[in-house]
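Trainee: I've got a new model open and I'd like to learn how to read it. Could you walk me through it?

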Amino acid sequence: MAIIAVKGTHDILLDEASGYAYIEKVFAAVCELFGYRDFRTPVLEYTEVFNRSTGEGSDVVRKEMYTFLDKGERSVTMRPEFTAGVARAIVEHKLYATEDLPLKAYYYGPVFRYERPQLGRYRQFHQAGVECIGVNSARFDAETIALAMEILGMLGFTGLHLKINTLGDEASRNAYREALKEYFGKHIDEMCEDCHDRLRLNPMRILDCKVEHDQEIAKNAPKMKDYLSEESEKRFYTTLSILNSLDIEYEVDDSLVRGLDYYGEVVFEVHAVSKTGKDYGALLGGGHYDGLLSALGGPEMAGVGFAFGLERIYSVMKDDGLLNDLETGIDVYVMPVGEEVLDDVFVLTTNIRNLGYSAYTPMAAGKLGSQFKKAVKRGAKYALIIGSEELEKGVAPLKNLATQEQKEIKLDNLAEELDAIFGLEEEHHHHEE
Ligand code: AMP
């Protein structure tokens, strides 16, 4: 077998990795603004965690999990999503009893699903998401949606499409499921194999079957809104009216059911088609849930959350040029001229780093022409050229690689010289804005 990355996984390298890091940084910063705390749970969980929560009615649990027996013959699963593990941790550590509620947790990292790889769909992909757990409130539901939109706004997204729906409370859902069972029961012979399973396990899942003929049949299926309890309906309108007051646009889409079993009440997705016209699928999905903690041995407590797909966020941002201004290069590329200066250049480079500027030196004296080419390739902003004459005089040329302007700087006064230059540069940027 060829030594290459496993099918459906991908390496994230160099500029792409900088892009992911930037997205995660913005994501975490906005979450902190909303009072969320960093939360890190293991990739591996006992399979039970997902069976009990994500649910046997979901495609994820039924056929997409990386599940295996460990050497102690315990069934473990590489997380196919974060929510179940986060809820497991909250129950295990009784955070619902010791922390002020709602507990607001954000997280990001790899998740694993054995799906058919295609555009925007991987087997190892990366999610960034939040859970707000312990208070049952249409207002926290709305705040969570507002958080998702704020993060995307801060990343520079425009033209987002928020789809929202309500699945109602348990009584509403049970009534609706019965109605769907009856309706689809009459058509099931013409429908796909998966829908046969869905009809048995969770008929609501049929509504987002991708098979065209099944979609035709689903069009005339009973509608959730006709089975909503009064309370669920009121609750939904509370959430919508908050979104209105925040000027967040949405479309109520009553075919939106979401793939995981624990959802109830409000569910939502955000879509964006990139300027290239490519549709990478939903950027994020989320919703409210009630029975999750209790399914894992905790108390009856509600929660609400969402998860972004980082691959999809990245792809749209890349296509739309939202990552063009990322600063990835180094500040000063120190160029030694002649072997005899290498030791001094080493120390000088260290001094520049200690002043808080990123610095690089090649540790070898090459021709200046090729050093300049390498500096540009590394994305360096400035080149500092050091030969024995410069060291003797204590003065060396610093060249701006973008403008080619050159300035002599005093080496024994590096802090002030660099602060002046980089400070000026910042001011310059502000003027441009
Ligand atoms: P879900 O946990 O299924 O609600 O998915 C949340 C988000 O994760 C989706 O909106 C996608 O952005 C992303 N996502 C889900 N499955 C995949 C996949 N196989 N590959 C890449 N991204 C995915």
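This is a predicted model: local features need pLDDT of at least 70, side-chain atom pairs count only at pLDDT 80 or more; totals for chains, interfaces and linings use all residues.

Trainee: Fine. How many helices and strands does the chain have?

Mentor: There are 16 helices and 16 strands. The C-alpha trace spans about 90 × 55 × 45 Å along its principal axes. Of the 433 residues in the chain, 48% are buried.

Trainee: How do I read burial for a single strand? Take β6: how many of its ten residues are buried?

Mentor: Count the residues whose relative accessible area is under 20%. In β6, residues 124-133, nine of the ten pass that test, so the strand is largely enclosed by the rest of the structure.

Trainee: And which strands does β6 pair with?

Mentor: Look for bridges. Strand β5, residues 103-112, is joined to β6 by ten bridges, and the two run antiparallel. If you want a landmark there, find A105, which sits opposite E131 of β6. Then there's β11, residues 303-309, linked to β6 by seven bridges, again antiparallel. Two pairs to click on are C132 with V304 and A128 with F308.

Trainee: What about β11 itself? Which strand pairs with it over six bridges?

Mentor: That's β10, also in the antiparallel sense. Y289 stands opposite G303 of β11 there.

Trainee: How do I tell whether one face or both faces of a strand are covered?

Mentor: Start from the general idea: side chains in a regular strand alternate between the two faces of the sheet. Put together, seven of the seven residues of β11 are buried.

Trainee: Now the ligand. How many residues surround it, and which are the closest?

Mentor: The shell holds 15 residues, with R113, E115, Y122, R258 and A282 the closest. R113 has a polar side-chain atom 2.8 Å from a ligand oxygen. For Q127, an N or O atom of the side chain is 3.1 Å from an oxygen atom of the ligand. With L284 it's a polar backbone atom, 3.4 Å from a ligand oxygen.

Trainee: How much of the ligand does the protein bury?

Mentor: Compare it with the ligand on its own. Taken alone, the ligand exposes 490 Å², and the protein buries 92% of that. The elements giving two or more residues to the shell are β6, β10 (279-289) and β11. β10 gives the most, with four residues.

Trainee: Is V347 buried, exposed or partly exposed, and why?

Mentor: Its relative accessible area is 47%, so V347 counts as partly exposed. The cut-offs to keep in mind are under 20% for buried and over 50% for exposed.

How values were computed. Residues are numbered from 1 along each chain as its sequence is written. Side-chain values use heavy atoms; hydrogens and water are left out. Buried means under 20% relative accessible area, exposed over 50%, partly exposed in between (1.4 Å probe, protein chains only). Two strands pair if DSSP finds at least two bridges between them. A residue is near a molecule or strand if one of its heavy atoms lies within 4 Å of it. A polar contact is a pair of N or O atoms within 3.5 Å; within protein, one must be able to donate a hydrogen and the other to accept it, and residues adjacent in sequence count only if both atoms are side-chain atoms. Accessible areas come from the Shrake-Rupley method with a 1.4 Å probe; for residues, only the protein chains shown count as cover.
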